[in-house]
Every structure is written in structure tokens, then in C-alpha cells.
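Notes follow in the order I checked them.

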Amino acid sequence: MKLADLLHEVYTAITVNKVRSSLTILGIVIGIGSVISMIALGQGAQTSIEDRIQSIGSNLLTIRPGAQSGFGAGGVRGGAGSADTLSSSDVEVIRQNVEGIAGIAPEVSSRYQVVARGSNTNTTVLGTSPQYVSVRNIDIAHGTFLSEINIRNFSKVAVLGSAVSSDLFGEASNPVGQKIRINGSNYTIIGITTEKGGSSFGSSDDTIYIPISTAQRFLTGSDSVNTINVSVADDYDMTLVEENITSVLLIEHGINDPAEIDFNIFNQGDIVETASSITQTFTVLLGAVAGISLVVGGIGIMNMMLTNVTERTREIGLRKALGAKRRDINLQFLLESIALTLIGGVLGIALGLGISYLANNIFGIAAEVSTFSVILAFGVSAAIGIIFGYYPARTASKLNPIDALRYE
Amino acid sequence: MGSRDMIEIKNVSKVYKVGEIETRALNGVSFNISEGDFVAIMGPSGSGKSTLMHILGALDTPTSGTYTLNGKDVSNLNDDELADIRSEKIGFVFQAFNLLPRTTVFRNTMLPLMYSGIDEETREKKTEEALLSVGLEKELWQNHSNEISGGQKQRVAIARALVNNPTIILADEPTGNLDTKTGQLVLNTFKKLNREKGHTVILITHEDEVARHANRIISIRDGKIEGDKIVKV
């Protein structure tokens with residue numbers, strides 16, 4: 001039988017019983033639709049988590065003094081006050097001896113009550129260098145960030161995080177040029193950062209940036225730094241750079257036994273990896289749950305096809321009497337179930353796209369439909385047609401024409 | 001008769017086995033049918049005439065004995081080879097018409113050609129010829145098979161049986177579901193096809209009325225041939 005004839009037969013068969021065909025197709029539509037939308041939601045979550053981490057800088061190595069504890073902001077920050085094993089000279093040593101560093105920015109930070117024209121707030125004052133903007137991906141909304149000249153001159157200038165700016169001067173104001181009071185000294189505001197959104201690592205919006213030299217001289221009174229941020233150049237391996245920094249600092253600090261290490265390097269890449277693997281597991285889980293509904297849909301197809309074969313026994317007998325071979329019958333029923341699943345597949349993809357669109361635009365949940373999941377869904381629906389159509393088609397093709405013609 | 005014998009049935013038996021019980025539906029049947037003949041196979045129900053029809057129609061194979069069709073032994077073929085024989089050499093007409101519902105008259109008639117793999121142009125031409133030769137008006141061709149009368153249905157079935165120009169047309173109680181008048185019309189169609197176009201027709205029936213239309217009547221009872229007489233020449 002020619003393909004065009006087969007398709008015509010398939011079309012007739014599917015349209016003869018529209019309600020039953022539609023309900024069967026619906027099973028596949030729901031299956032494919034949920035697979036696509038669940039995977040989209042999972043991948044959306046993955047991307048948005050990764051984006052948030054990227055916004056801090058995924059190529060970031062953070063060096064913190066003391067404490068044997070592993071990474072984790074709380075633990076390290078607790079030890080930071082007492083341990084002051086890192087200093088400005090370490091920054092220079094790393095800058096000069098380690099390859100693959102895109103930017104390096106030390107930090108000295110502490111919380112202060114900050115006053116401006118009658119309003120006041122309690123916030124983090126962070127002394128750092130000009131490279132901080134590139135290392136921590138900070139954008140400036142108004143004015144400029146700290147410059148080398150500010151560092152050299154111990155300038156009393158400050159860049160306000162967007163949250164601090166609105167706390168002190170109200171929303172949508174531009175206080176560049178005005179003065180604030182930190183720990184008894186006046187600082188001129190030279191810039192405001194762009195709002196970046198919260199992150200689990202402390203909000204960069206709720207921070208005041210001042211030159212590190214100024215911070216060390218007027219606020220902490222020592223040469224030590226709390227943190228050294230290092231951004232690794234794109235084509236360098238983060239772990240390798242991390243190891244190099246470790247060995248350079250061990251030599252610089254005169255430590256022979258690595259067990260007595262007096263600093264910790266925290267690799268942002270690790271966190272990205274961990275987060276990705278968590279969200280990937282999450283995506284697979286969602287997809288698997290949705291996959292179950294796809295299997296249920298497939299069983300629906302099989303059920304319908306078996307009913308079909310029984311109902312059309314006489315027709316099958318007739319076709320055989322008129323010269324149809326097993327192959328012709330087999331192919332006709334197989335194509336019927338594939339057609340059902342493919343129609344279901346296409347509608348299911350549309351449903352999945354629709355749900356993802358709604359999630360994105362109405363409910364504000366990130367959902368990302370990947371071409372891969374669409375291709376996968378399409379392939380799976382065709383495969384389900386073949387797998388669940390195989391048995392009914394074989395049953396049909398094996399019918400004895402005499403018995404089939406007699407069937408009431 | 002000799003070489004003109006297109007059907008040779010030699011000592012054919014068919015045994016059905018259901019569990020432990022053996023039923024001998026045909027018991028050493030032999031006869032020949034020559035080209036262009038109009039034969040009625042008659043017998044009461046349970047006589048074995050249906051079994052004989054299944055063997056003649058290549059729907060089944062005999063347990064023993066040989067069936068030669070156009071010089072080819074078809075007694076030991078497998079399913080698909082039998083399907084080929086049916087597709088090329090046999091045209092069936094059934095008591096219950098067995099047309100595909102919700103399918104046009106034209107497409108129903110064309111169905112055997114779709115399984116024999118002829119190109120579209122030829123098969124449409126052949127379908128038209130077949131429909132015209134059974135006297136079905138063109139207006140009906142695009143009607144669905146469930147929208148026409150019983151007599152028209154059976155004529156569509158005959159056209160379908162004719163369409164691949166088979167060696168034999170096998171009609172199993174073709175008038176069984178029709179009233180006398182329409183039945184007569186259908187029988188006349190067979191007669192006309194036999195007389196004017198030279199088609200070989202085998203009519204399976206239990207009614208004398210119907211069998212009388214044939215040129216030769218083979219009577220069968222309890223799986224054996226009881227009588228074989230030529231009625232007309």
C-alpha cells in the first residue's frame with residue numbers, strides 16, 4: 001500500500017471516532033505538555049539561580065583570613081574580626097606573582113551608624129580599591145566609583161549603595177556631591193551604585209564604599225584586610241589560580257605545613273557547580289514526574305488501539321480478503337497510533353510553551369523552554385506511538401481473515 | 001476440458017480440530033472449473049460449502065489434497081503468498097456487503113487496487129470501468145457507502161470484486177441480505193458479467209432459486225460432492 005493511501009486510511013480512522021480520538025490525544029497532550037513545562041520551569045530556576053551567582057561574579061575567588069572552617073559567609077565572617085592574617089602587602093604579592101588574575105580588590109569592612117542631614121542609618125562601610133567594580137560586578141548609576149587618586153590621597157569620598165542612598169536621601173534622588181558622616185568624619189559622595197538585588201552573600205546595595213587607604217587609616221587603624229577578592233581571567237582555570245594563590249601566600253606568610261594555613265580561599269565556581277547540580281536534579285525530578293503522565297497517556301493510546309482492533313475485526317478481515325498483507329495491516333494500525341501521538345505531541349508542545357509563557361509573563365516564575373526538550377518530547381511521543389501501537393497492530397495483522405470476516 | 005480448466009480441486013479434505021474433537025468439513029472433494037463458467041455451489045448449512053469457498057478463495061489451505069489455480073499449486077502457501085493470490089486472482093462478494101463505512105463508493109471499489117500497488121492513474125481508470133460495468137451511476141460514486149441502498153451496496157461490492165480483473169469472482173450468498181427484487185437485479189449483474197465479459201463466477205448459496213441462475217450446479221453435503229450437473233450450455 002502506498003504511503004498516501006495509508007495516510008488517507010489513517011485520517012479516516014481517526015476522524016470517524018472524533019470523541020474517542022480526542023480523549024486519547026488529550027492524554028498525550030497532557031503528558032508532553034507537562035514534560036515540556038516542568039523541564040522549562042526547572043531550567044528556568046537553574047538559570048535564574050546561576051544568574052544570581054553570576055551577578056556576584058562566578059569567576060570570583062575570595063580569600064579570607066584565619067579560621068579553619070570551610071566556606072560559608074557566617075562562619076568566616078565570625079572569625080574575621082579577630083584574625084587579621086591578610087594585609088595589603090598580600091594583595092601586592094598575589095598581583096605580582098600569580099598568573100591569570102583579571103582583577104583583585106581587597107576589602108576592609110565594618111558596620112557604622114552613618115548620618116546625613118538629619119537622617120541616619122546603620123550600614124556596612126567597606127574600604128576597597130577601584131577594581132572592586134569589575135571584580136564584584138558593580139554598576140554605577142550616578143557619579144563615579146573610587147579612583148586610584150582617591151586611594152593615594154586617602155580621600156574622604158564615598159560611593160553609596162543604592163539602598164543606602166534611598167535610606168538617607170529618599171528614593172530617586174541623586175545625592176552626589178553631598179556629604180555624609182561616618183565615625184565622626186565627613187565624606188563627600190562621589191557616586192551611587194545601580195540596584196543589584198539581594199543575594200545570600202550580603203547585599204551590595206546596602207553598603208558604602210570608601211577608599212581602602214582611608215578605611216585603614218581612619219576606621220580600622222591597621223594594615224590588615226578582611227577579604228581579598230580575586231576575579232580570574234576567563235581563559236584560566238579557577239582551581240589552578242586558587243592553588244597558585246595558596247602557595248604564594250603560604251610562602252609570603254612563611255608557613256611550611258599546609259595544615260597550619262592561616263587563610264581560606266573560597267571558590268565561587270564551586271558554588272555555581274553545586275547550585276547547578278541541585279537544580280539539575282530538580283529538573284530531572286520534575287521531568288520524571290511529568291514523564292509518568294506521558295506513560296499513562298501511552299497506555300491510553302494502546303487501550304484505544306486495542307479497542308479499535310476489536311471493533312474493526314471485520315474490516316481487517318475484509319482488507320485481508322481483498323489482498324492486504326500482514327505488513328499492510330500492521331503499518332496501518334501502527335501509523336494510526338503514531339499519528340495520534342504526534343498530534344498529541346504537537347498540541348502538547350503548544351501547551352508546554354503556553355504554560356511556560358504564562359509562568360514567565362503572568363506568574364513571574366522563570367521558565368525556559370529549550371529546543372532540546374521540544375525535540376525530546378517530539379521523539380518521545382513518536383516512540384510512544386510505536387511502542388504502544390506495536391502490540392495492537394501486531395494483533396490486527398495476525399488476525400485470520402476467515403475468523404475476522406465471521407466476527408460479529 | 002483439459003487446459004481450459006483454471007481451477008482443479010483434487011481430493012481436497014479439510015479437518016478442523018477444536019481441542020480433542022476433529023471435524024471433517026471437507027472429505028475428498030474433487031472437481032474442475034473451466035474459464036468463463038458460471039458455477040453455483042449449493043448445500044445446506046454445515047455441508048462444508050463455506051470451507052470450500054474459503055479454500056477456493058485462497059483464504060485457507062486444505063489439510064490434504066491439491067488446489068491448482070491457473071496451473072499454480074496454491075495448496076501450501078503461507079499467509080502473505082495467499083494474500084498475493086487473493087489480490088491478483090480472486091474477487092470476493094459477501095453476503096453482508098462488507099463495505100468500509102464512511103468511505104466513498106469510489107474508494108471502496110478501489111481498495112483492492114491499493115493493495116496491489118498499481119499507479120494512481122490506472123487504478124482510477126479501472127475503478128471507473130468496474131463501477132460502470134455494474135451499472136452504478138456516476139452521481140453515487142462520491143457518496144459514502146452507508147448512504148446508498150442495499151442493492152447499490154452489493155453492486156459496489158461486485159465492482160470491487162471486479163476491479164483488479166480477477167480470474168474468479170467468488171460470491172458468498174450475495175443475495176442473502178437483499179429482497180427478492182433487488183436480489184434478482186444483483187444476480188442479473190453476475191449473469192451479465194459472465195456472459196458479456198467472460199468473467200468466471202462461483203456462487204455459493206443454499207437457495208435453489210439462486211443456484212438456478214448458474215450454468216452448472218455442484219451440490220455438496222456432509223463434506224462430499226453429492227451432485228454435479230450442467231444446467232445450461
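**Interface area.** I started with the buried area, meaning the accessible area (1.4 Å probe) that two parts lose on being put together, summed over both. Chain A and chain B bury about 2400 Å² between them, and 57% of it is on carbon and sulfur atoms.

**Ground rules.** This is a predicted model, so I noted its limits: local features need pLDDT of at least 70, side-chain atom pairs count only at pLDDT 80 or more, and totals for chains, interfaces and linings use all residues. Residues are numbered from 1 along each chain as its sequence is written, chains are lettered from A and ligands numbered from 1 in the order in which they are written, and side-chain values use heavy atoms, with hydrogens and water left out.

**Who touches whom.** I took contact as heavy atoms within 4.5 Å. On that basis 24 residues of chain A and 27 residues of chain B take part.

I counted a salt bridge where a side-chain nitrogen of Lys or Arg lies within 4 Å of a carboxyl oxygen of Asp or Glu. I looked at one of them: the side chains of B:Arg123 and A:Asp5 meet at 2.7 Å, N to O. Helices (H or I, at least four residues) and strands (E, at least two) are DSSP runs, numbered from the N terminus.

For polar contacts I used pairs of N or O atoms within 3.5 Å; within protein, one must be able to donate a hydrogen and the other to accept it, and residues adjacent in sequence count only if both atoms are side-chain atoms. Eight residue pairs, both at pLDDT 80 or more, are in polar contact between chain A and chain B.

**The chain A side.** Helices H1 (3–16), H11 (313–321), H12 (326–361) and H14 (401–406) of chain A each supply at least two residues of the side that touches chain B. H11(A) gives the most, with six residues. I sorted the residues of this side into nine nonpolar, four polar and eleven charged. Here Ala, Val, Leu, Ile, Met, Phe, Trp, Tyr, Cys and Pro count as nonpolar, Asp, Glu, Lys and Arg as charged, and the others, Gly among them, as polar.

**Sheet in chain B.** Next I traced an open sheet of four strands, in the order E2-E1-E4-E5, with antiparallel pairing. Two strands pair if DSSP finds at least two bridges between them. Strands E2 (21–34) and E5 (72–73) of chain B are the edges, each pairing on one side only.

- E1(B) (residues 5–18) and E2(B) pair over ten bridges, and B:Glu8 stands opposite B:Asn32.
- Their hairpin has two residues between the strands, and B:Gly19 takes a positive phi near 65°.
- Five bridges join E1(B) to E4(B), with B:Lys10 partnered by B:Thr66.
- E4(B) (residues 64–69) and E5(B) pair over two bridges, where B:Leu69 stands opposite B:Lys72.
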